[in-house]
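Open the model in your viewer and keep the sequence panel beside it. The stops below say what to select and what is found there.

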Amino acid sequence: MEATITYRPDAQKTPGLFDRILTREVLLDICQHVTGQSRFRVVKDRSTYNRGRLLLVEYEGMLNYVSLSEASINGRNSSLQSVPTAINMFYADQRLNKRLCYYFIPHIGNAFTDYHLFVYRLLMTAGVDFLNIGNYYQQSILPYRTIDDLIIDRRENQTSNSSNNSSYVSKTSDKIQIYAKTYGASKYESTLLAVAISHIADRPIDLFNICEQDLTRLPQASMNTIENLGNISMHYTSLFLDKREYLQQTDRTELRSASYLYNLFNRLGSKKCALCGCEIPEIIQGAHIWGVAQISRTSNLDDDTRFNHAVSGHNGLWLCQNHHKLFDSNIIMLDNDGFVRIKDSLVTDNVAFIRNTTFKPSLDFRVMSDEFKGYLARRNETVDLIHSQRLAV
Ligand SMILES: [Zn+2]
């Protein structure tokens, strides 16, 4: 029996591109990797529907979606963009016997930067078989086994990449959260993160579409895929919607805004307590500096201004539950220079406890933006800093 290989000869912008890339030799190699034998026939798909860098190999009732690498790998996103297209088509295909593969065509450029490796691990986690990675990369690459593996790797990956503004993954004790950028190249990454996380999630997943000015959301094909996965709930969040909810409250002392958390991620990176360094995502919270209730009590502000202060990424810190509570109760304070202070009236034993669990005597200077200092000063207008002492470490 021979395999049937189907591909579109034309790329979206380059006629005949795939005819040039997919030489007889390359097709034979793909056929052997996918089917374990060498006989195949080629069908050229003349439809104009964009399939990305995808070919199909049908053999013995099995349908293999093969996503192809770029021939010239330069940007961090170049190899990533067409894969979610293949994933979406794969999930939209109702046939049962199917598998998703990735094949490196002969290429120039570095296909194995830290970011590429992160993407390959995501793809493996999503169930993608790499047909010939061993020809190009000698170390072993493994799928993520747990969501914690993925969060830690993501964190390291994001620290090394100065241009943030991408998607974030976190978890609480009962849910996993994906804050998914829906704009530009990030939408591909968001789709891939969702599919990968769906495969290893040990609890339900909330995916927040972080919308830009208007109500952009992930592309329909990606939304369909995510719906098919079965364990992800989609939420739509935007400043517009968050503001409407905020303004509907009569007292405006609370703000439940995924946009606020997203802004904190963007400014501070992954969850890490600013006072003890704890990185257990389940117990790290976004803590307002100039509190939402305090903002709403301030006169001479219009609603828009109030809301903008309440969701600003500069108006917050990541704190563990203990430090958040200590901070909100003004048992621990931060002076206007970012030094930690402890309330005077605290009994000695409790001071000792705070000293033993608070490892940072002052905030990291990178946190201390001008806006942040402004919020700290507003907070401290109502905080009794006089009757407190600096935490000596
Ligand atoms: Zn802490």
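**Stop 1: a buried loop residue**

Select I105 and show what lies around it: leaving aside neighbours within four places in sequence, I105 is in contact with I21, V26, R53, L68, S69, E70, A71 and Y136. Bear in mind throughout that this is a predicted model. I105 sits in the loop between strand 5 (98–103) and helix 4 (114–125). Is I105 buried or exposed? Its relative accessible area is 1%, under the 20% cut-off, so I105 counts as buried.

**Stop 2: helix 3**

Next, select residues 82–92, which form helix 3. Nine of its eleven residues are buried, so helix 3 is largely enclosed by the rest of the structure. Colour the buried ones: S82, V83, P84, A86, I87, N88, M89, F90 and Y91. What do these buried residues pack against? Their partners are strand 3 (54–59), strand 4 (62–68), strand 5, helix 4, helix 6 (186–200) and helix 7 (220–229).

Keep helix 3 and helix 6 on screen and hide the rest. Two packed helices are described by the angle between their axes and the distance between those axes. For helix 3 and helix 6 the angle is about 50° and the axes are 9 Å apart, which makes helix 3 oblique to helix 6. Their crossing is left-handed. To see the side chains involved, show P84, I87, N88 and Y91 in helix 3, which meet Y188, T191, L192, V195 and H199 in helix 6.

**Stop 3**

Move on to D93, in the loop between helix 3 and strand 5. With a relative accessibility of 11%, D93 counts as buried. Apart from neighbours within four places in sequence, D93 is in contact with L63, Y65 and K98.

**Stop 4: the zinc ion**

Select the zinc ion. Which protein atoms are its donors? They are SG of C273, SG of C276, SG of C320 and ND1 of H323, at 2.1 to 2.3 Å from the ion. The angles subtended by the four donor atoms run from 97 to 117°, which makes the arrangement tetrahedral. Along the sequence, the donor residues follow the spacing C-x2-C-x43-C-x2-H. C276 belongs to the loop between helix 9 (258–268) and strand 11 (284–288), and C320 to strand 12 (residues 316–320), so this pair ties together parts 44 residues apart in sequence. Both C276 and C320 are buried.

From there, select S270, which is in the loop between helix 9 and strand 11. S270 has a relative accessible area of 19% and is buried. Leaving aside neighbours within four places in sequence, its contacts are R155, F265 and W318.

**Stop 5: strand 15**

Finish at Q389, in strand 15 (residues 388–390). At 31% relative accessibility, Q389 counts as partly exposed. Which residues does Q389 touch, not counting those up to four places away in sequence? Show V340, R341, I342, D344 and R355 to see them. I342 lies 47 residues from Q389 along the chain, and the C-alpha atoms of the two are separated by 5.4 Å.

How values were computed. Residues are numbered from 1 along each chain as its sequence is written. This is a predicted model: local features need pLDDT of at least 70, side-chain atom pairs count only at pLDDT 80 or more; totals for chains, interfaces and linings use all residues. Side-chain values use heavy atoms; hydrogens and water are left out. Donors are N, O and S atoms within 2.8 Å of the metal (3.2 Å for Na, K and Ca); water is not among the atoms, so sites may look incomplete. Four donors count as tetrahedral if all angles lie between 85 and 135 degrees; four count as square planar and six as octahedral if opposite donors are over 155 degrees apart and all others between 65 and 115; anything else is irregular. Helices (H or I, at least four residues) and strands (E, at least two) are DSSP runs, numbered from the N terminus. Buried means under 20% relative accessible area, exposed over 50%, partly exposed in between (1.4 Å probe, protein chains only). Contact means heavy atoms within 4.5 Å. Axes are lines fitted to C-alpha atoms, for helices over the stretch in contact, and angles run from 0 to 180 degrees between N-to-C directions. Angles under 35 degrees count as roughly parallel, over 145 as roughly antiparallel, 65 to 115 as roughly perpendicular and the rest as oblique. A crossing is left-handed if the near helix is turned anticlockwise from the far one by less than a right angle, and right-handed if clockwise.
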